[in-house]
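Here are a few friendly notes to read alongside the structure. Please take them point by point.

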Amino acid sequence: MKFYHSTLKNSLAILALILTLPVFAKNVDEKLSVSNNANISVDNLRGKVVIKGTDNNQVWVLGKLDDKATDFILKADGDNVIVQVKMPSHMNNSFWDHDEQETDIVIEVPKGAKISFQGVSSDVAVSNVINDVRAKTIS
């Protein structure tokens, strides 16, 4: 019985240690081939997004997702491309605490692409894109 009690104590101590480790950000490194004049829609609730036009016919998303992200979507339907960091549908005041990792990604796109960006508490920078760029953030 003494061995069982000692093993259980050790197991609980290890579990407690694991639960107190910091949560690491979710990394993203995804590519998708697209046309040079694709319509690219980017949706990111909070964090930093840098969009760079390149001579390549692909969308490449590289960086870290928000700790509270529930999913990441990169998909195309013809010339329409969606880049979305999905977040929980219900958020309380603690959601906006900035102690956690927010999204920090770079998106390379064809420089002839049309860009549409939506965010709430997001910083966005767009460079080297020669077509329409529309960006909307709330705060």
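1. Let's start at Asn 56, which is found in the loop between β2 (39-54) and β3 (58-65). Strands here are DSSP runs of E of at least two residues, helices are runs of H or I of at least four, and both are numbered from the N terminus. Asn 56 counts as partly exposed because its relative accessibility is 40%, the class between buried (under 20%) and exposed (over 50%), with a 1.4 Å probe and protein chains only.

2. Leaving aside residues up to four places away in sequence, Asn 56 touches Val 109 and Pro 110; contact means heavy atoms within 4.5 Å. Asn 56 and Val 109 are 53 residues apart in sequence, yet 7.3 Å apart in space, C-alpha to C-alpha.

3. A word on the source: this is a predicted model, where local features need pLDDT of at least 70, side-chain atom pairs count only at 80 or more, and totals for chains, interfaces and linings use all residues. Residues are numbered from 1 along each chain as its sequence is written, and side-chain values use heavy atoms, leaving out hydrogens and water.

4. The mean pLDDT (the predictor's confidence in each residue, from 0 to 100) is 85 for the chain, and 75% of its residues reach 70 or more. Do treat residues 17-24 separately: pLDDT stays under 50 there, and the model has two contacts beyond four places in sequence for them.

5. The chain has one helix and eight strands, running α-β-β-β-β-β-β-β-β from the N terminus. Of its 139 residues, 31% count as buried.
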